[in-house]
Amino acid sequence: FDEIHSDELRRRALAVWHEALEMGGWSVDDLARIPFTLLAEDVDITLPAHVSAVCRLCIAMEAVLEQAYGDRYGIDHDTLVAGALLADVGKLLEFREKGGKFEWASMYQYLRHPFTGVGLCFKHGIPEAVMHVVATHSWEGDKFKRQPEAIIFHHADFTDFDLTKSR
């Protein structure tokens with residue numbers, strides 16, 4: 001979160017995570033156990049580890065693109081980082097723990113995490129450009145024109161997901 005240069009955006013992004021934890025019935029300590037996906041078997045990567053790794057991939061991709069092309073793509077660092085940190089926050093409403101096992105919560109029958117994530121972001125005044133990253137990062141956004149930050153995040157996210165799934 002310290003990679004977000006805007007104090008206000010950082011504060012709002014943290015507030016989104018705080019509310020998602022509360023709404024999902026999770027504690028901060030629970031984050032060390034929640035897998036980042038239920039779509040693969042035997043996932044040993046936690047949600048925070050995935051969020052951190054993908055965010056760092058985004059920052060690295062941004063640096064390489066800027067070094068190679070300068071400001072050609074107009075990547076906004078705070079939009080990219082905040083979007084990366086918020087894209088999966090809705091999973092705290094999508095997952096639940098029952099009998100020591102993680103499973104889909106009832107929310108998953110109706111709304112996946114890109115939708116609930118945008119709802120939480122909207123409530124906390126997260127900028128539209130950041131909500132775009134959250135909304136379009138998964139297959140739900142495949143029919144939408146992704147902005148540069150969303151393109152970067154989408155590919156970083158699926159790199160981590162696809163590698164995990166292929167194990």
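## A first look

Is arginine 112 buried or exposed? At 12% relative accessibility, arginine 112 counts as buried. Please keep in mind that this is a predicted model.

## Salt bridges

Side chains of opposite charge can pair when their charged atoms come close. A search of the whole structure turns up 11 salt bridges. In one of them, arginine 112 is joined to glutamate 140, with the closest N and O atoms 2.4 Å apart. Glutamate 140 lies in the loop between helix 6 (128-136) and helix 7, while arginine 112 lies in the loop between strand 2 (101-104) and helix 5, so this pair ties together parts that are 28 residues apart in sequence.

Another salt bridge joins glutamate 19 and lysine 123, whose closest N and O atoms are 2.6 Å apart. Here distant parts of the chain are linked: glutamate 19 belongs to helix 1 (residues 7-24) and lysine 123 to helix 5 (residues 113-123), 104 residues apart. Glutamate 19 is buried at 13% relative accessible area, whereas lysine 123 is exposed at 58%. Arginine 96 and glutamate 103 also form a salt bridge, with 2.4 Å between the closest N and O atoms. Arginine 96 is partly exposed at 37%, and glutamate 103 is partly exposed at 27%. Finally, Glu8, Arg11 and Arg12 are linked in a salt-bridge network.

## Aromatic rings

The structure holds five aromatic pairs. In one of these, phenylalanine 95 and tryptophan 104 have ring centres 5.6 Å apart and planes at 65°, so the pair is edge-to-face. Phenylalanine 95 is buried at 2% relative accessible area, and tryptophan 104 is partly exposed at 27%. Together with Tyr108, Phe95 and Trp104 form one aromatic cluster.

Phenylalanine 158 and phenylalanine 161 sit three residues apart in helix 7 (residues 148-165), about one helical turn. Phenylalanine 158 is partly exposed at 24%, while phenylalanine 161 is buried at 14%. A charge meets a ring as well: the charged end of arginine 72 sits over the ring of tyrosine 69, 5.2 Å from its centre.

## Cysteines

How many disulfides does the structure hold? The count is zero. For cysteine 55, the nearest cysteine sulfur is that of cysteine 58, 6.3 Å away. Cysteine 55 is buried at 7% relative accessible area, and cysteine 121 is buried at 0%.

Key. Residues numbered from 1 in each chain as written. Predicted model: local features only at pLDDT ≥ 70, side-chain atom pairs only at ≥ 80, totals over all residues. Heavy atoms only, no water. Disulfide = S-S within 2.5 Å. Buried < 20%, exposed > 50% of the residue type's maximum accessible area, 1.4 Å probe, protein only. Phe/Tyr/Trp six-rings, centres within 6.5 Å; stacked < 30°, edge-to-face > 60°. Helix = DSSP H or I, 4+ residues; strand = E, 2+ residues; numbered from the N terminus. Lys NZ or Arg CZ within 6 Å of the ring centre and 35° of its normal. Salt bridge = Lys/Arg side-chain N within 4 Å of Asp/Glu carboxyl O.
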